[in-house]
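Please keep the sequence and the structure in view while reading.

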Amino acid sequence: MKPITRGTLAAVVTGVAATVGAAGPAAAAGTVPVTLPLGGVSTALGMEVPRLGAQLPLPTPGAPDGPRYVTGRLLPARTLPQVPVNSGLPGLDATAPLPHLLGDGGFDHLGVDAPGGDLRALAPGLSVDAPLTAPDGGHSGLPGTKLPQAGLLAPVLQTDADGTLGTGPGPGR
């Protein structure tokens, strides 16, 4: 193997290991950090470019609470159970240079910081019952009739979002 090939392979393996190592703790929280490398663009253009970073959600489905038998019904309650899903909200960390609109007034950067938060959700479910009753001894063991029943279990969404938007001096001040 040529030294250039070995060096390239070592750089790729090191980058993958660093990415996996950085994503390990964040993956447990429901997000994966992503940084947009714009350093080369800044050097090539000879000017300051925005700094961008994000946290992408990593949804993990949970175990559904299965159907349960209810006395007096032919079909179990929660025929189509709700599936819990835990994830994180997408996060954003960005700083962008601004032109000096008010002269040298002390601010020349705009920053957005919206950290990712926890997100808990339950998918919609369905509960139905047949138009027949349970077998009855008074009717020779045959079931009676009744109106069919259907109910939609509403989806649930719980989160706590936070963020800041501000202006201030840049990194060179």
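Predicted model: local features only at pLDDT ≥ 70, side-chain atom pairs only at ≥ 80, totals over all residues.

Val85 has Ala121, a residue of strand 7, as its bridge partner. Strand 4 and strand 7, the latter covering residues 118-122, are joined by five bridges in the antiparallel sense.

These two strands belong to an open sheet of four strands, whose order is 3-4-7-12 and whose pairing is antiparallel. Strand 3 and strand 12 (156-159) are the edge strands, and each of them pairs on one side only. As a general point, the strands of a sheet pair through backbone hydrogen bonds, in either a parallel or an antiparallel manner.

Ala94 stands opposite Val112, which is in strand 6.

Gln82 is located in the loop that runs between strand 3 (60-61) and strand 4 (84-88). Is this residue buried or exposed? Gln82 is buried, because its relative accessible area is 18% and the cut-off for a buried residue is under 20%.

The side chain of Gln82 has a polar atom 2.8 Å from the backbone oxygen of Ala154. The backbone oxygen of Ala123 lies 3.4 Å from a polar atom of the Gln82 side chain. Beyond residues up to four places away in sequence, Gln82 touches several others, including Pro64, Asp65, Leu122, Gly125 and Pro155.

## Salt bridges

How many salt bridges does the structure hold? There are four. One of them joins Arg51 and Asp93, with the closest N and O atoms 3.3 Å apart. This pair links distant parts of the chain, since Arg51 is in strand 2 (residues 51-57) and Asp93 is in strand 5 (residues 91-97), 42 residues apart. Arg51 is partly exposed at a relative accessible area of 46%, and Asp93 is partly exposed at 31%.

Asp65, a residue touched by Gln82, forms a salt bridge with Arg78, in which the closest N and O atoms are 2.8 Å apart. Both Asp65 and Arg78 lie in the loop between strand 3 and strand 4, so the pair ties together parts that are 13 residues apart in sequence. Asp65 counts as partly exposed at 38% relative accessibility, and Arg78 is partly exposed at 30%. A network of salt bridges links Asp65, Arg68 and Arg78.

Lys146 and Asp129 also form a salt bridge, and their closest N and O atoms are 2.4 Å apart. Lys146 is in the loop between strand 10 (143-145) and strand 11 (149-153), while Asp129 is in strand 8 (residues 125-129), so this pair ties together parts 17 residues apart in sequence. Lys146 counts as partly exposed at 27% relative accessibility, whereas Asp129 is buried, with a relative accessible area of 4%.

Conventions
Residues numbered from 1 in each chain as written. Heavy atoms only, no water. Buried < 20%, exposed > 50% of the residue type's maximum accessible area, 1.4 Å probe, protein only. Polar contact = N/O pair within 3.5 Å; in protein donor to acceptor, adjacent residues only side chain to side chain. Contact = heavy atoms within 4.5 Å. Pairing = 2+ DSSP bridges. Salt bridge = Lys/Arg side-chain N within 4 Å of Asp/Glu carboxyl O.
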